[in-house]
Amino acid sequence: MFNSLSDRLTDTFDRLRGKGKLTEADITAAMREIRMALLEADVNYRVVKDFVARTRERCLTAEVMDSLTPAQNVVKIVLDELIELLGSTESKLVLSNRIPNVIMLVGLQGSGKTTAAVKLAYMLKKQGRSPLLAACDVYRPAAADQLATLGGEIGVPVFRGDGQHPIDIATGAVREAIDHLRDVVIVDTAGRLQIDEQMMQEAVDIKRAVKPDQVLMVVDAMTGQDIVNVVSTFAERTDFDGVIISKLDGDARGGGALSVREVTGKPIKFVSMGEKPDSLEVFSPERMAKRILGMGDVVGIIEKAQELADEEQMEAAERMLREGLTMNDMLEQMRALKKMGGMKSILGMLPGGQKLLNQMGGNIDESVMDKIEAMIMSMTAEERLKPSIINGQRRARIARGSGTTPTDVNNLMRQWGEMNKMMGKMRSMSQQMGGKKGKKGKKGKRMRMPGMPGMPGMGGMPGMGGGNPFAGMGSGASSDMDMLRAMERQMKGGNKF
């Protein structure tokens, strides 16, 4: 989503950077390109008009025109205005002190309400809540069965009330939650292919009956311009509190999603970036704006890694820092990378990474990880712990056992060597920061690996060039552009398996 828009905006900024000093004509031309890019991305015309007018006015100030880096100032202004368009600040889900809290989901049929309800239940369960799902869509065939199946997969019960009216199901779910000490009820309401009076009145009646703490509207990011009419109508009738944007990982232009907050004044609370239960993310206007402008989302990468981090991984990271990387460590890193969404997901969150992905046709051969795993699993336990003993004869045996070639094994060994060199550099940095022992700081606390805050065990991504792919996050690391160039060389055939 937003790939085409991101490319157009990045190209516009690149042309501005090629100029020493900007003129009013340069600003006007850039604003024209930004306007066309937004309109082609299906952003609402009125939203585009106001956005470009505000941005142009700010860009034409003397502070920008006479500065040493006018192009950078223009990018900063566009970023600020885009953040403002998306909502300025992160809008979190607000729950009351009453038991149970009730969250009601509304929206058109096909917008993704049912899956959004399950993802929200999964998120709340991870936060220590005890959710209950209410299947109030009695019109769509097998809707309750779908909710029950998905709820069963994440261990969240579903109140069905088969044969009852949706209002009775919603109120029954609240009583069920009270009886079984469930502190959140998520009401999945019915939708239609288009707005009609029966659907709207039913939503109003359910809201009146259960008095929800939060009413969230689920909108499909691929809807386009019609999304404005849909959210406006729901805002008038049900007065919802926020928006969940689903299918944001799709291939549509996605401009309708950028129009929602400006048109309704309602904040975007969550975005869904995939099909798995854990793919619902709290919406951050700043991080989304930076991704649209090709600046990446490094914070998102750190958060993904922190979710996977545990004490055992922290101890493994410290051992790698002291003793170096084994093939077992390399295998664990690769598996952790898969859990974080794979190489394509991580690259798309790095500065300039989405543009690099687009240049490669949007595809990365994730099967390289399977090859690496096959080679490592074909090694003996001793070889995995001490890769330095792997000679030519052993490499030939490993290649035969994994269905690869000796060249593939050689490339894996080279990767292991490069990653260990990086570990050596990090060990030196750690010793300089925390004393010669490098294990504890001044207050006796364990130290994390420099350049990888909160990311134990992520010393590098196999198959994507040597070194630390998360360079640039901490002091002493190489620049993001150096990292991206290494990735590009790898993916274009410089170091394939």
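Helices here are DSSP runs of H or I with at least four residues, strands are runs of E with at least two, and both are numbered from the N terminus. For residues 267-280 the UniProt record, an unreviewed entry, gives the feature "domain: SRP54-type proteins GTP-binding"; UniProt positions are given in the numbering used here, feature names are shortened, and annotations may be inferred rather than shown by experiment.

The model is predicted, and local features need pLDDT of at least 70, side-chain atom pairs count only at pLDDT 80 or more, while totals for chains, interfaces and linings use all residues. Residues are numbered from 1 along each chain as its sequence is written, and side-chain values use heavy atoms, with hydrogens and water left out.

**Helix α11 and Val260**

Buried means under 20% relative accessible area, exposed means over 50%, and partly exposed lies in between, with a 1.4 Å probe and protein chains only. The buried residues of α11 are Gly255, Gly256, Ala257, Leu258, Ser259, Val260 and Thr264. After α11 comes Gly265, which has a positive phi near 75°.

Val260, which has its place in helix α11, counts as buried because its relative accessibility is 1%. Leaving aside residues up to four places away in sequence, Val260 touches Ile227, Val231, Val243 and Gly265, where contact means heavy atoms within 4.5 Å. The C-alpha atom of Val260 is separated by 6.4 Å from that of Val228, although these two residues are 32 residues apart along the chain.

**Helix pairs**

| Helix pair | Angle | Axes |
|---|---|---|
| α8 (residues 166-179) and α9 (residues 197-210) | about 30° | 9 Å apart |
| α9 and α10 (residues 226-237) | about 45° | 10 Å apart |
| α2 (residues 24-40) and α3 (residues 45-59) | roughly 160° | within 10 Å |

Angles under 35 degrees count as roughly parallel, over 145 as roughly antiparallel, 65 to 115 as roughly perpendicular and the rest as oblique. Helices α8 and α9 pack at an angle of about 30°, which makes α8 roughly parallel to α9. The crossing of α8 past α9 is right-handed; a crossing is left-handed if the near helix is turned anticlockwise from the far one by less than a right angle, and right-handed if clockwise. From α8, Pro166, Ile167, Ala170, Thr171 and Val174 meet Glu202, Asp205, Ile206, Ala209 and Val210 of α9. The residues of this contact of α8 with α9 divide into 7 nonpolar, 1 polar and 2 charged, where Ala, Val, Leu, Ile, Met, Phe, Trp, Tyr, Cys and Pro count as nonpolar, Asp, Glu, Lys and Arg as charged, and the others, Gly among them, as polar.

Helix α9 also packs with α10, at an angle of about 45°, which makes α9 oblique to α10. The crossing of α9 and α10 is right-handed. Here Glu197, Met199, Met200, Gln201 and Val204 of α9 meet Thr233, Phe234 and Arg237 of α10, and the contact of α9 with α10 has 4 nonpolar, 2 polar and 2 charged residues.

The axes of α2 and α3 cross at roughly 160°, which makes α2 roughly antiparallel to α3. Helix α2 passes α3 in a right-handed crossing. To this contact α2 brings Glu24, Ile27, Thr28, Met31, Ile34, Arg35, Leu38 and Leu39, and α3 brings Tyr45, Val48, Phe51, Val52, Thr55, Arg56 and Cys59. The residues of the contact of α2 with α3 divide into 10 nonpolar, 2 polar and 3 charged.

**Backbone details in the loops**

Most residues other than glycine have a negative phi, and most peptide bonds are trans. Lys211, in the loop between α9 and β5 (214-220), has a positive phi near 45°, and with a relative accessible area of 59% Lys211 is exposed. Asp239, in the loop between α10 and β6 (242-246), has a positive phi near 50°, and at 43% relative accessibility Asp239 counts as partly exposed. A cis peptide bond, with omega about -5°, joins Ile99 and Pro100, and Pro100 is found in the loop between α5 (70-86) and β1 (101-106).

How values were computed
Axes fitted to C-alpha atoms, helices over the stretch in contact; angles between N-to-C directions.
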